[in-house]
Amino acid sequence: MEEQEMQLKVKRVTDKFTESMYVLANEPSVALYRLQEHVRRSLPELVQHKTDMQSWEEQSQGAIYTVEYACSAVKSMTNSSFYFKSIEGLLHQAIGTRDRIGGGQGRRYVPRTSPCHCTPAPSHLHLLSPGEQARSV
């Protein structure tokens, strides 16, 4: 009987010891220590990822700005065609006026033969030779 009692006491002691070890192993301070270890191991990699992402964001913002600026430049160029047409018309009027005054004797306006994106001048802006001027007046 003594041996059975001794085995029972040993079993109780080992159970209590196991329970104590289990409590110590799962104590919150141990969990916090393990968490701290994890953070120390993974933090440098996370910091590197963050700096990489910031660098990529800066590059992306620069590229976006460049594209937006290029788009606005193209848009303003397409909007300027009206002004170029107006300038062309005014130049034709100025040449016509000069020729009527007598400054361009023997000269006549010849339309361009090369492809131009501008519209041709209206028919009333074509310059006349001095002989044609005298007949039309």
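The model described here is predicted. Its chain has 4 helices and 0 strands, and reading along the sequence gives the pattern α-α-α-α. Of the 137 residues in the chain, 8% are buried. The chain exposes about 12,400 Å² of surface, and carbon and sulfur atoms supply 62% of that area.

Helix H3 makes a friendly place to start. This helix covers residues 81-101, which gives it 21 residues. From its first C-alpha to its last, H3 reaches 30 Å, close to the 30 Å expected at 1.5 Å a residue. Which residues of H3 are buried? They are Gly89, His92, Gly96 and Asp99. After H3 comes Gly102, which has a positive phi, near 115°.

Attention now turns to the aromatic rings. A pair of such rings is described by two values, the distance of the centres and the angle of the planes. How many aromatic pairs does the structure hold? There are 2 of them. One is formed by Tyr65 and Tyr69, whose rings lie 6.3 Å apart, centre to centre, with 20° between the planes. This pair counts as stacked because the angle is under 30 degrees. Both tyrosines belong to helix H2, which spans residues 28-79. Tyr65 and Tyr69 are 4 residues apart in H2, so about one helical turn separates them. Are these two residues buried or exposed? Both Tyr65 and Tyr69 are exposed.

The other pair brings together Phe82 and Tyr83, with ring centres 5.3 Å apart and planes at 75°. An angle over 60 degrees counts as edge-to-face, so the pair of Phe82 and Tyr83 is described in that way. Phe82 has a relative accessibility of 58% and therefore counts as exposed, the cut-off being over 50%. Tyr83, at 54% relative accessibility, also counts as exposed.

Notes:
Residues are numbered from 1 along each chain as its sequence is written. This is a predicted model: local features need pLDDT of at least 70, side-chain atom pairs count only at pLDDT 80 or more; totals for chains, interfaces and linings use all residues. Side-chain values use heavy atoms; hydrogens and water are left out. Rings of Phe, Tyr and Trp (its six-membered ring) pair if their centres lie within 6.5 Å; planes under 30 degrees apart count as stacked, over 60 as edge-to-face and the rest as tilted. Helices (H or I, at least four residues) and strands (E, at least two) are DSSP runs, numbered from the N terminus. Buried means under 20% relative accessible area, exposed over 50%, partly exposed in between (1.4 Å probe, protein chains only). Accessible areas come from the Shrake-Rupley method with a 1.4 Å probe; for residues, only the protein chains shown count as cover. The expected span of a helix is 1.5 Å times one less than its number of residues.
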